[in-house]
Structures are given as C-alpha cells and as structure tokens.
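This report goes through a few features of one protein chain. Keep the sequence and the 3D view open while reading.

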Amino acid sequence: MKKKKLGLALGGGAVLGAAHIGVLRAIEEFDIPISYLSGTSIGAFVGSFSAFGNSWKEIKEIASGLQWLDITEISLSRFGLISNERLGELIRKHIGEKQIEDADIPLALVATDITTGEKVVLKKGSLADAVMASTAIPGIFQPVEIDGRLLVDGGVLENVPIHTVKTLGARRVIGVDLNASHTYDKPDNILDVILNSFHYMMQAADRIQTEEADVLITPDLSSFNRSDMGQMDELMEKGYQAANKTFKKNFND
C-alpha cells in the first residue's frame with residue numbers, strides 16, 4: 001500500500017474533529033506519506049493546516065486554547081444564528097491569505113450548494129472562505145457565498161470525502177469517520193438539538209460512503225459532547241489510539 005499514492009479524507013463531526021489531530025500524530029509516527037488530502041466541515045479546518053505544512057503538534061497548539069466564542073460571533077443574517085467568520089480569521093492568522101491551490105499537499109474541501117443541493121468541491125480560491133463554507137452547519141452558521149453560490153457544510157452530501165480525494169488522484173484512501181461510534185445524550189441546548197439532528201441525518205450516508213475507504217479509522221467518541229470545546233486533549237488521544245491500532249494492522253510491512 002505504501003507504494004501507491006495515498007489520500008487522507010477527514011470527516012465532519014463538530015468539536016469531535018479534535019480527534020483528527022491524534023490521527024495526524026499517528027500518521028507522522030508511522031511515517032505514512034500522504035499525497036492528497038480532502039476534508040469536510042471540521043475535517044476541512046484541520047486538514048487545511050496539515051496540507052499547508054503544519055505538524056500535528058502545531059495544530060494541537062492552535063486548537064487546544066480555543067473556546068466556542070473564539071470561532072463564532074452573533075450573526076445579523078436571517079440565514080443563520082451565528083457567523084463563523086472568526087474561523088476564517090484563524091486560517092488567515094496561522095496560514096495566511098492563501099489560495100487552496102497553494103497547499104503543499106493537493107487539497108480539496110467539500111461544501112454544499114444550499115440552493116441547488118449540489119456537492120461543491122473547492123480546489124481553488126480563498127482557503128479561508130472555503131473552510132468557512134465547508135464548516136457552515138445549516139441552521140447554526142450563516143451560509144458563505146463563493147462565486148455566486150450560497151454554500152453550507154459539505155457534510156450534507158459527503159461527510160467523509162473519500163470519493164473526493166480519489167478525484168484528486170489518490171489510489172488508496174485512509175478515511176476518518178468521527179460518527180461511526182457515537183451515541184447521543186439528551187440535548188442541553190438548541191445547539192445540541194441542531195447538531196444531533198444534523199449528524200443523525202449523516203450517519204446512514206457515512207456507512208455507505210466509507211465503504212470506499214481502503215483503511216478506515218473509526219474512533220469511539222461515544223462519551224463526548226459535540227459542542228464542548230473543553231474535551232480537546234481527550235479527543236486527540238482517542239483519535240491517536242484508534243489510528244495507531246488501525247495502522248499497526250495495515251502499515252507494518
């Protein structure tokens with residue numbers, strides 16, 4: 001498998017996306033060469049840092065100190081409760097005013113055209129805008145307009161973007177599904193209600209889409225809340241443990 005160009009597909013899952021950082025740690029430790037990268041929602045955010053040359057330790061440092069208010073602000077838009085413009089500002093601060101096509105590793109981010117229902121694969125243009133579009137969970141974040149299209153979270157159509165990374169040229173794909181082993185507690189607030197509803201909708205599609213993965217990582221995140229940003233370290237460790245176990249079975253030759 002190592003001889004064939006590998007793609008990494010990082011799926012959505014709101015705050016659970018911190019587990020992706022643990023997966024990146026395992027990838028570095030196993031010295032697995034990633035030739036292509038795709039991301040949806042929080043996978044687009046984490047994946048962008050990796051594609052632009054940031055190590056897992058650097059991404060952890062950026063993510064560990066974040067609070068919900070650091071990446072959101074109240075929106076006056078009739079299309080969403082809050083804006084994720086601050087998420088875009090984090091990209092600009094730590095990566096710069098970059099275009100997607102400038103990435104060290106070829107990168108594709110997935111969004112959804114909320115007008116037509118089409119999947120939109122973003123391979124060129126503003127990185128910050130693309131990340132904002134891919135992470136714009138419907139009903140929570142206001143949509144992002146790119147090239148005249150009103151875009152929301154890519155998880156509506158392809159939450160684990162395995163097919164997308166294959167279109168970049170990947171011959172084998174490592175997929176990371178944050179929803180495969182997740183249960184839900186009674187919601188505490190409207191944010192939990194929307195997030196739970198959104199991810200229930202995606203779970204069935206995830207099971208079908210992830211069948212395309214050659215290596216699938218499914219960390220058990222059943223004990224974690226999707227909106228509590230105080231769980232970062234534990235989520236990273238869960239992602240690392242799951243990836244480490246999976247890679248020992250697939251990359252020990």
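On the face of helix H3 that is turned away from its buried side, the exposed residues are Lys57 and Glu61. The model is a predicted one. The buried residues of H3, which spans residues 56–64, are Trp56, Ile59, Ile62 and Ala63. Viewed down the axis of H3, these buried residues fall within an arc of 125°, so they line one face of the helix. What do the buried residues of H3 pack against? Their partners are four helices: H1 (19–29), H2 (42–51), H5 (85–94) and H9 (232–250).

Helix H1 is mostly covered, with 8 of its 11 residues buried. Those buried residues are Ala19, His20, Ile21, Gly22, Val23, Leu24, Ala26 and Ile27. Arg25 has its charged end over the ring of Tyr240, 3.7 Å from the ring centre.

After H1 comes Asp31, with a positive phi. In general, most residues other than glycine have a negative phi. Asp147 also has a positive phi, near 50°. Where are these two residues placed, and are they buried or exposed? Asp31 is in the loop between H1 and strand E2 (34–40), and Asp147 is in the loop between strand E7 (144–146) and strand E8 (149–153). Exposed means over 50% relative accessible area. Asp31 counts as exposed because its relative accessibility is 63%, and Asp147 counts as exposed because its value is 76%.

| Residue | Phi | Relative accessibility |
|---|---|---|
| Asp31 | near 55° | 63% |
| Asp147 | near 50° | 76% |

The largest nonpolar core has 63 residues. Within this core, the residues that touch the most other members are Leu8, Ile32, Phe45, Leu107, Leu127, Ile174 and Phe247. Helix H9 gives the most to this core, with 7 residues. Another core, of 8 residues, lies apart from the largest one and includes Tyr36, Val160, Ile162 and Ala170.

Leu107 shows what such a residue touches. Leaving out residues up to four places away in sequence, the contacts of Leu107 include Leu37, Gly47, Ser48, Ala51 and Phe52. Also among them are Ile100, Leu122, Lys123, Leu127 and Leu168.

The model has 3 aromatic pairs. In one of them, the rings of Phe45 and Phe49 have centres 5.1 Å apart and planes at 80°, so the pair is edge-to-face. Phe45 and Phe49 are 4 residues apart in helix H2, which means that about one helical turn separates them. Buried means under 20% relative accessible area. Phe45 counts as buried because its relative accessibility is 6%, and Phe49 counts as buried because its value is 1%.

How are the rings of Phe247 and Phe251 placed? Their centres are 5.4 Å apart and their planes stand at 85°, so this pair is edge-to-face. Both Phe247 and Phe251 are buried. Ring pairs join Phe30, Phe247 and Phe251 into a cluster. Phe247 is also one of the residues that touch the most other members of the largest nonpolar core.

Technical notes: Residues are numbered from 1 along each chain as its sequence is written. This is a predicted model: local features need pLDDT of at least 70, side-chain atom pairs count only at pLDDT 80 or more; totals for chains, interfaces and linings use all residues. Side-chain values use heavy atoms; hydrogens and water are left out. Buried means under 20% relative accessible area, exposed over 50%, partly exposed in between (1.4 Å probe, protein chains only). The arc is that of the directions from the helix axis to the C-beta atoms. Contact means heavy atoms within 4.5 Å. A nonpolar core is a set of buried Ala, Val, Leu, Ile, Met, Phe, Trp, Tyr and Cys residues joined through side-chain atoms within 4.5 Å. Rings of Phe, Tyr and Trp (its six-membered ring) pair if their centres lie within 6.5 Å; planes under 30 degrees apart count as stacked, over 60 as edge-to-face and the rest as tilted. A charge sits over a ring if NZ of Lys or CZ of Arg is within 6 Å of the ring centre and within 35 degrees of the ring normal.
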